[in-house]
Amino acid sequence: MRARPSVFAERFGIFAECLLTGVWIAVASLGVVTYPAAFAAGARHLRRRTGQVRGGWREFVADFRLAVRRGWLLGLAGWGAVAAAWMDVQAVRAGLPGGPLVGAVGLFAVIGLVVAGLRAAAVWAPGDRWRALLTAAGRRTVLDPGGSLLLVGGAVLVVCSALLIAPLAVPVLGAVAAAAVAVEERHRRRHG
């Protein structure tokens, strides 16, 4: 009879899986507009792992292929939002009247879109439509400010990791995916 692993070994295994998933997400995101699908596949992999369901690289790739069919459009829209935020920053730097207000509104809008995107990707499953996922995630972003702030912190952690030690940002992506999965599970348990 096989002995059950200790709680420490089990939790460390999940942490290691998060770091590995971050690498998978980074590799799948190399297509520039594929990051939402990569994150969705990574989150689904972590949901399987925490649910004691077997799965690995092959399942991740299969999920990625399904998610990228329409997810690339979301990735393209995300880059459009980044371009709009960059223009807001340029308006602030140029000293245009109302520039600081436009910059602040643009920054908060981009943060809200990032959080909604993370939340949508965290619950993605094959057959789900991205538009419906984003609509529901937008509501959860506003109605669950605690969870949304946790995801903002995770995104800030990735950016800081990238600025300090660029390769560290890669495995941290998996930790953000795990945080998004945990935030969504917490919301589901609280609100049925």
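**Helix packing, cysteines and selected residues**

The axes of helix α4 (residues 99–123) and helix α5 (residues 130–143) come within 8 Å of one another and cross at roughly 120°. Because of that angle, α4 is oblique to α5. Angles under 35 degrees count as roughly parallel, over 145 as roughly antiparallel, 65 to 115 as roughly perpendicular and the rest as oblique. The axes are lines fitted to C-alpha atoms, for helices over the stretch in contact, and the angles run from 0 to 180 degrees between N-to-C directions. Helices (H or I, at least four residues) and strands (E, at least two) are DSSP runs, numbered from the N terminus.

This is a predicted model, in which local features need pLDDT of at least 70 and side-chain atom pairs count only at pLDDT 80 or more, while totals for chains, interfaces and linings use all residues. Residues are numbered from 1 along each chain as its sequence is written, and side-chain values use heavy atoms, with hydrogens and water left out.

The crossing of α4 and α5 is right-handed. A crossing is right-handed if the near helix is turned clockwise from the far one by less than a right angle, and left-handed if anticlockwise. On the α4 side, the contact is made by G112, V115, A116, G117, R119, A120, A121 and V123; on the α5 side, by W130, L133, L134, A137, G138, R140 and T141. Contact here means heavy atoms within 4.5 Å. By class, this contact of α4 with α5 has nine nonpolar, four polar and two charged residues. Ala, Val, Leu, Ile, Met, Phe, Trp, Tyr, Cys and Pro count as nonpolar, Asp, Glu, Lys and Arg as charged, and the others, Gly among them, as polar.

The crossing of α1 and α2 is right-handed. Helix α1 contributes G13, I14, E17, C18, T21, W24, I25 and A28 to the contact, and α2 contributes A38, F39, G42, H45, L46, R49 and T50. The classes in the contact of α1 with α2 are eight nonpolar, five polar and two charged residues.

In the loop between α1 and α2 sits V32. V32 has a positive phi of about 65° although it is not a glycine. With 48% relative accessibility, V32 counts as partly exposed. Buried means under 20% relative accessible area, exposed over 50%, and partly exposed in between (1.4 Å probe, protein chains only).

Next come the cysteines. A disulfide is a covalent bond between the sulfur atoms of two cysteines. It is assigned to a pair of cysteine sulfur atoms within 2.5 Å, and by this rule the count is zero. The sulfur of C160 is 20 Å from the closest cysteine sulfur, in C18, so the two are too far apart for a bond. C18 is buried, with a relative accessible area of 7%, whereas C160 is partly exposed at 38%.

Two further residues show how sequence separation and distance in space can be read together. L101, in helix α4, is exposed, with a relative accessible area of 60%. L101 and R186 are 85 residues apart in sequence and 34 Å apart in space, C-alpha to C-alpha. A83, found in helix α3 (residues 57–94), is partly exposed, with a relative accessible area of 39%. A83 and A109 are 26 residues apart along the chain, and their C-alpha atoms are separated by 13 Å.
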